[in-house]
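The following paragraphs walk through selected local features of one model. Please keep the sequence and the coordinates open while reading.

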Amino acid sequence: MAPGDARASQLKGEGGLKVEFPADLQIARQARLLPMAEIAAKMGIDPHLLEPYGHDVAKIKLDAIAELQDRPKAKYVVVSAITPTPLGEGKTTTTVGLGDALGRIGKRATVAIRQPSMGPTFGIKGGAAGGGYSQVVPMERLNLHLTGDFHAVTAAHNLLAAMIDNYIHHSLRDFPIDLHSITWRRVLDVSDRVLRSVVVGLGAPEDGVTRQTGFDITAASEVMAVLALSTSLQDLRQRLGRMVIGLARDGQPITADFLHAGGAMTVIMLDAIKPNLLQTLENTPVLVHAGPFGNIANGASSVLADMIGIHCGDFLVTEAGFGADMGAERFFNIKCRTSGLAPDAAVIVATVRALKVHSGKYRVVAGRPLPPDLIRENPDDVLAGAANLRKQVENIQIHGVTPVVAINAFPDDHPSEHRAIRELAEHLGVRSAVCNNFAEGGAGATELAEMVAEAADEPSVFQLLYPDAATLREKIETIALRIYGARGVEYDPPAAKQLDAYEASGFGRLPVCIAKTHLSISSDPKLKGAPTGWVLPVREVRASVGAGFIYPICGEMRTMPGLPTTPIAASIDIDEEGEIVGLS
C-alpha cells in the first residue's frame with residue numbers, strides 16, 4: 001500500500017460519510033486459502049511439478065514449460081499506467097483485481113507480478129501485494145523473504161564481488177585490472193544511504209587492496225535482471241558468465257567467467273530460477289518471480305513465469321513498472337523481444353489525483369497529506385492533466401497494442417471527475433472502466449475485465465519500436481523522440497565514448513533501457529503532463545551484457561535508497577501472540 005493512500009483506513013459510505021476500512025494485513029489474514037495443489041490445478045499444472053514451501057506457497061519446476069507447451073496460448077495482457085505520483089497509482093491492485101474479475105466473467109486467468117523488495121517494504125513505500133480486497137496472499141510472506149529468491153540473488157552477486165577483490169589481491173600483477181573501471185558493487189536488500197559509497201580493504205595488506213566502491217539495493221543487481229530475462233537454466237548460466245565487471249588496462253572487458261565465478265553463481269540460483277506460486281484473496285493463481293529495479297532495469301516479472309503462465313488458461317495478466325513510457329516500453333522492447341511473446345492488450349491505470357498533478361497545479365510528496373485543493377471536486381483540473389494520459393495511450397498504440405484505461409477509484413474522487421476521464425478516453429478512441437476492486441474485490445473490476453476481453457479479441461499486430469540492427473544511438477533517439485516526446489538527444493563526451501566502445505565490442509545489437517526519472521515522461525521530474533521541445537541529456541552509458549541491454553543514464557539515479565524520517569520499519573512489530581503488526 002502506498003503511503004498517503006486514504007483507502008487504507010477510510011472509505012465513503014452512504015451519504016458521503018467516512019467509514020472505517022480494514023487494514024491490508026487484517027484483510028489478508030481473513031483469506032480462505034486453497035491448498036497449492038488446487039491452485040496449480042486451476043492452471044492445469046499437476047502436483048509433480050510443484051515444490052511446496054509450506055502450505056501456502058510453492059515453486060514450479062521448469063519442467064512445466066515443456067509439459068505445457070502444446071496447450072493453447074492465453075491472451076497476454078500487460079498493466080501499465082500514466083506517469084505516477086510518488087505515491088503510486090495502484091498498478092498491482094489493478095492487476096490483481098483484473099485477474100479476479102476475469103474469473104468472475106467466466107475466464108480462467110493467471111496473474112504474474114514481481115516480488116517486492118524489503119528495502120521499500122521497511123522504508124517509505126510499504127509492501128507490493130496489491131491492496132484492500134485485491135491482494136496476493138500470504139501477504140506477510142510475499143513482502144518479506146518469500147522463498148529466499150532475493151537472498152539468493154544477493155549471495156550470487158556478492159560472491160562475484162568477493163572473487164573480484166580476491167583476484168585483485170592475488171593476481172593484479174599478472175593481469176592488471178583497471179581498478180577505476182570496476183562497476184561491480186555489492187548489494188543488500190535494505191534501504192541504507194550510508195552504504196552508497198564505501199572504502200574496502202582498509203587495514204593490513206592481507207585484508208585486500210584498498211579501493212572505493214559501494215552498495216546497491218538487491219533489486220538493482222544485474223543478477224536480478226538476468227533472473228528476470230533468462231529463458232532456461234542454461235541461458236541463466238550463460239548470461240551470468242558474460243556479465244562485464246570492468247575493463248583490463250588494454251580496454252578489454254572482464255567477465256564473470258574470466259574470474260571463474262559464473263558456475264558457482266548459477267549453483268546459488270538453482271532454486272531461485274523456479275517461479276513462485278501464490279494466490280489472490282479470491283484464489284486466482286499468481287506467479288511471483290524476480291524483482292528488477294524499475295529505473296535502471298526492465299522492471300517486470302520473469303520471462304520464465306510468463307512462459308509457464310501463457311499456457312495456463314484464457315488470460316495471463318502481468319504488469320510493468322512505472323508509467324507506459326518506462327515500464328510498458330521496456331516490457332515491449334526488452335522482455336517481449338527476449339521471450340518472443342506478443343501482448344494482446346494493455347491496461348493503462350489512471351487516477352484522478354495523478355491527472356490533477358499533471359495539470360501542474362499541485363505537488364504530492366510521499367509521507368505528507370494530500371493538498372486540500374487536490375481532493376476538491378474539479379473535473380477541469382483532471383482535464384488539464386489530460387496530455388499525460390493522451391501520450392501514454394499513444395505510447396501503447398505505437399507498438400500495435402490496444403489499450404484500455406482503468407480508472408482506479410479513490411474515496412476522495414467525485415463522479416464528475418471519473419466522467420471527465422471516461423469522456424477523454426472516448427475522445428481518444430479507447431475503452432475505459434471505473435475500478436472499485438480495492439473495496440469490492442474482483443466484483444469491482446468486472447467492467448474492466450469485459451473491456452479487456454473485448455480488446456484482446458480484436459486483431460492486433462504487435463511491433464517492436466526498433467530493430468536489433470539499429471545503432472545504439474538510433475535506439476536511444478527513437479525512444480526519446482517517439483515515446484518521450486523530446487526534440488533531440490545530447491550526449492556528454494564520456495557517454496559518446498562509451499557508446500562507441502560498446503558498438504566496437506559487439507554490443508550494438510542489444511536493446512536499450514533508458515534510466516531516467518519515473519515522475520515525468522521527460523528526464524526532469526518537475527515537468528508534468530507531456531512536455532515537448534526538451535532535450536534528453538545522456539551523461540553516462542553502462543552495459544548489462546548478461547541481462548542483455550545497454551542503459552543510458554539520464555539524470556541522477558539512486559541505486560541504493562535511503563530511509564525516510566519515520567520509516568515504516570518503526571511501526572512494524574509482533575504482538576503478544578507472535579503475529580506481525582504494522583506491515584502495510
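Asp 207 is partly exposed at 48% relative accessibility, a class that lies between buried (under 20% relative accessible area) and exposed (over 50%), computed with a 1.4 Å probe on protein chains only. The residue sits in the loop between strand S10 (198-200) and strand S11 (211-213); helices (H or I, at least four residues) and strands (E, at least two) are DSSP runs numbered from the N terminus. Apart from neighbours within four places in sequence, Asp 207 is in contact with Gly 201 and Leu 202, contact meaning heavy atoms within 4.5 Å. From Asp 207 to Pro 253 the C-alpha separation is 26 Å, for 46 residues in sequence.

The model is predicted, so local features need pLDDT of at least 70 and side-chain atom pairs count only at pLDDT 80 or more, while totals for chains, interfaces and linings use all residues. Residues are numbered from 1 along each chain as its sequence is written, and side-chain values use heavy atoms, with hydrogens and water left out.

Two other loop residues can be read in the same way. Leu 527, in the loop between H20 and strand S22 (535-538), counts as partly exposed at 33% relative accessibility. When residues up to four places away in sequence are not counted, Leu 527 touches Ser 520 and Ser 522. Asn 298 belongs to the loop between S16 and helix H11 (303-309) and is buried, with a relative accessible area of 1%. Beyond four places in sequence, Asn 298 is in contact with Ala 225, Ala 228, Leu 229, Pro 292, Phe 293, Arg 330, Ile 334, Cys 513 and Phe 549.

Next come points of backbone geometry. Val 137 and Pro 138 are joined by a cis peptide bond, with omega at about 5°. Pro 138 falls in the loop between strand S8 (134-137) and helix H6 (139-143). His 260 is not a glycine, yet its phi is positive, about 60°. This histidine, His 260, is in the loop between strand S14 (253-255) and helix H10 (262-268) and is exposed, at 68% relative accessibility. Asn 283, not a glycine either, has a positive phi of about 70°. Asn 283 lies in the loop between strand S15 (276-280) and strand S16 (285-288), but is buried, its relative accessible area being 14%.

How many aromatic pairs does a search of the whole structure find? There are eight, where rings of Phe, Tyr and Trp (its six-membered ring) pair if their centres lie within 6.5 Å, and planes under 30 degrees apart count as stacked, over 60 as edge-to-face and the rest as tilted. One of these pairs is Phe 332 with Phe 462, tilted, at 5.7 Å centre to centre and 50° between the planes. Phe 332 is in helix H12 (residues 324-339) and Phe 462 in the loop between helix H18 (446-457) and helix H19 (472-483), so the pair ties together parts 130 residues apart in sequence. Phe 332 is buried, at a relative accessible area of 0%. Tyr 502 and Phe 507 also form a tilted pair, because their planes stand at 40° with the ring centres 6.3 Å apart. Tyr 502 is buried at 17% relative accessibility, and Phe 507 is buried at 15%.

Arg 473 is placed over the face of Tyr 491, 5.5 Å from the ring centre. Lys 516 is placed over the face of Tyr 484, at 4.9 Å from the ring centre.

Arg 473 also takes part in a helix contact. The axes of H19 and helix H20 (residues 493-504) come within 10 Å and cross at roughly 125°; axes are lines fitted to C-alpha atoms, for helices over the stretch in contact, and angles run from 0 to 180 degrees between N-to-C directions. H19 and H20 are therefore oblique to each other, since angles under 35 degrees count as roughly parallel, over 145 as roughly antiparallel, 65 to 115 as roughly perpendicular and the rest as oblique. On the H19 side the contact involves Leu 472, Arg 473 and Ile 476, which meet Ala 496, Leu 499, Asp 500, Tyr 502 and Glu 503 in H20. The residues of this contact of H19 with H20 divide into five nonpolar, no polar and three charged, with Ala, Val, Leu, Ile, Met, Phe, Trp, Tyr, Cys and Pro counted as nonpolar, Asp, Glu, Lys and Arg as charged, and the others, Gly among them, as polar.

Technical notes
Lys NZ or Arg CZ within 6 Å of the ring centre and 35° of its normal.
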